[in-house]
Each structure stands twice: as structure tokens, then as C-alpha cells.
Amino acid sequence: MTLIVLTVVVIALFVAVLAAFLFRIGALLNRTADNLDDCVRNVKNIAYQAKVIGPGVVRINETGTTVLGALPLLCDGAENVAVAKGAPYVDPSAAAPAAAHSMVPTATPSRGSGYLDASPQDSGYLDASSRGIGYLDAR
């Protein structure tokens, strides 16, 4: 008789644990469903608000395609500007002989060999006041 009572108690305990486990899983699933419902509402709200910028994105993509097509020309132009900035400035209104406009320096810099190592006094190009103010100009 004790074996029957013990079996019934174990089965009742098993059913109670199973019921508690299922109740906990149900609560977690309900909370997950509520969170997913909030996410769906937020996504719908974002989609509604983003609908306005759609035509602008198309225009931005068209502009990007145009710039991409012009990129080789822009690179060539930038390269030409860099070459022009590296050359010494020659004032066309100056009444100096043609030899003074030569790009060959008259004196060799006494310090290092980089383009920023020579001061205007060390080189025979032109004085600092007659040069431009670009980022490549040495001071």
C-alpha cells in the first residue's frame, strides 16, 4: 500500500513541477509577444517616417553616380593643381630678364633635401612675399 501512495505522490509532484514549468514558459512567451508587438509598431512608424526621404535618396544616388563618372576628370584636375602648386610662382608683370624666371634654383639648400627643409633665403626661387598661400607653400 505504501508503494501505491508513494507512486501517487511522485506523480502529483511531477505534474506540479510540470505545471509550474509550463506556467513560466507561458509568461515568458507572453512577454516576448508583447515585445514583438512593440517592435512591429516601431518598424511601421519608422517605415512611415522614412517614406518621405525616398525621393531624396534616389536623387542622392543619381548625384553619386554623376560624381563617380566625373571622378577621373576630378583626379586629373587635382593632379594638375598639385603640380601647379609645386612650381614656383612667377609674377608676369615683373620686368626681370628671362633667366630670372628659371625654375632651377640659384643656390643649393644647406640643410636637408625635402621641400620643406629649404627656407626662402636658402633657395633662389622667389622671396616668401611673392609666393601663394596654399598648403604646399613653405614658410
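The structure is a predicted model, in which local features need a pLDDT of at least 70, side-chain atom pairs count only at pLDDT 80 or more, and totals for chains, interfaces and linings use all residues. Residues are numbered from 1 along each chain as its sequence is written, and side-chain values use heavy atoms, with hydrogens and water left out.

The pLDDT, which is the predictor's confidence in each residue on a scale from 0 to 100, averages 76 over the protein, and 62% of the residues score at least 70. Residues 107-113 stay under 50, and the model gives this stretch twelve contacts beyond four places in sequence, a contact being heavy atoms within 4.5 Å. Over residues 122-131 the pLDDT is also below 50, with 21 contacts beyond near neighbours in sequence.

The overall fold comes next. The protein has two helices and zero strands; these are DSSP runs, with H or I over at least four residues for helices and E over at least two for strands, numbered from the N terminus. Among contacts with a separation of 6 or more, 24% join residues 24 or more positions apart. Of the 139 residues, 5% count as buried, where buried means under 20% relative accessible area, exposed over 50%, and partly exposed in between (1.4 Å probe, protein chains only).

Ile 11, Phe 14, Val 15, Leu 18, Phe 21, Leu 22, Ile 25 and Leu 29 form a nonpolar surface patch with about 800 Å² of accessible area together. Patches are made of residues with over 30% relative accessible area and no salt bridge, joining like charges within 9 Å and nonpolar side chains (Val, Leu, Ile, Met, Phe, Trp, Tyr) within 5 Å.

Side chains of opposite charge can pair when their charged atoms come close. The structure holds two salt bridges, each defined as a side-chain nitrogen of Lys or Arg within 4 Å of a carboxyl oxygen of Asp or Glu. Asp 37 and Arg 41 meet in one, at 2.8 Å from N to O, and the two residues lie four apart in helix H1, about one turn. Arg 41 also forms a salt bridge with Asp 38, with the closest N and O atoms 2.9 Å apart; here the residues are three apart in helix H1, again about one helical turn. Together, Asp 37, Asp 38 and Arg 41 are linked in a network. Asp 37 is partly exposed at 41% relative accessibility, as are Asp 38 at 35% and Arg 41 at 49%.

Note on methods:
Accessible areas come from the Shrake-Rupley method with a 1.4 Å probe; for residues, only the protein chains shown count as cover.
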